[in-house]
Amino acid sequence: MTPHDLVTSLRPLLRAEASAEAYASGAEPGDLEQAVWLRLLERLGTHGPPADPHRWLRGAVRTEARRARRTTRRELPYGAEPVDEAGRDPEQLALAAARRRALREAVRRLPGRCPRLMEALLSPRDPTYREIAGELGISQGSLGPERSRCLGCLRRLLTSEVAAR
């Protein structure tokens, strides 16, 4: 059985099993499905296909559901929003403002399209990739690689400035 045939034959069972286990685990069914597909791909790369794929799939869904339950039990909500500046003293607020100014100054010194791209990504109006791509006149698919290059340049620029001080 080819990997494609295996995936095709297991898809309905996985969907049903993930839907059945999701509520009790506190996870989304789609998240459980993705985790199991990933486990199957890892297994295919190391041990090959399972001898009894349907049985393996049921066990994998239950394992991922248990993992999700454990994670949910350990996660605690924040007492306050992480970006909440209430309760910070004036010195902390001034230092945070200085860091934001230094970041904006470093972004303006980046080469090529990087300043415009980074300003769009840092925008308080939180534009989507589609909006940023339209604004910059580039394809949406090239935004990720371009962003990575720009972040690398920014990282090098800030590292050299911090080291110089």
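**Cores, salt bridges and a loop**

Tutor: Leu 143 touches Leu 117, Tyr 129, Ile 132, Ala 133 and Ile 138, leaving aside residues up to four places away in sequence; contact means heavy atoms within 4.5 Å. The model is a predicted one, in which local features need pLDDT of at least 70, side-chain atom pairs count only at pLDDT 80 or more, and totals for chains, interfaces and linings use all residues. Residues are numbered from 1 along each chain as its sequence is written, and side-chain values use heavy atoms, with hydrogens and water left out.

Student: Which residues have the most contacts inside the largest nonpolar core?

Tutor: In soluble globular proteins, nonpolar side chains tend to be buried together. A nonpolar core is a set of buried Ala, Val, Leu, Ile, Met, Phe, Trp, Tyr and Cys residues joined through side-chain atoms within 4.5 Å; buried means under 20% relative accessible area, exposed over 50%, and partly exposed in between (1.4 Å probe, protein chains only). Here the largest core has 14 residues, and those with the most contacts inside it are Leu 117, Met 118, Ile 132, Leu 143 and Leu 154.

Student: Which helices each supply at least two residues of this core?

Tutor: Helices are DSSP runs of H or I, at least four residues long, numbered from the N terminus. At least two core residues come from each of α4 (90-108), α5, α6 and α7 (143-164). The largest share, four residues, is that of α5. A second, separate core has 11 residues, including Leu 13, Leu 14, Val 36 and Leu 40.

Student: How many salt bridges does the structure hold?

Tutor: Side chains of opposite charge can pair when their charged atoms come close. A salt bridge is a side-chain nitrogen of Lys or Arg within 4 Å of a carboxyl oxygen of Asp or Glu. The structure holds 10 of them. One joins Glu 17 and Arg 62, whose closest N and O atoms are 3.4 Å apart. Glu 17 lies in helix α1 (residues 3-25) and Arg 62 in helix α3, so the pair ties together parts that are 45 residues apart in sequence. Glu 17 is buried at 14% relative accessible area, whereas Arg 62 is partly exposed at 35%. Both belong to a network of salt bridges that links Glu 17, Glu 21, Arg 58 and Arg 62.

Student: Is Glu 64 buried or exposed, and with which residue does Glu 64 form a salt bridge?

Tutor: Glu 64 lies in helix α3 (residues 53-74) and is buried, with a relative accessible area of 7%. Its salt-bridge partner is Arg 67, the closest N and O atoms being 2.7 Å apart. Glu 64 and Arg 67 are separated by about one helical turn because they are three residues apart in helix α3. Arg 67 is partly exposed at 39%. Beyond residues up to four places away in sequence, Glu 64 touches Leu 32, Ala 35, Val 36 and Arg 39.

Student: Where is Asp 126 placed?

Tutor: Asp 126 sits in the loop between α5 (114-122) and α6 (129-136). Asp 126 has a positive phi of about 50° although it is not a glycine, and at 61% relative accessibility Asp 126 counts as exposed. Glu 135 is in helix α6 and Arg 125 in the loop between α5 and α6, 10 residues apart. Glu 135 is partly exposed at 42%, and Arg 125 is exposed at 55%.
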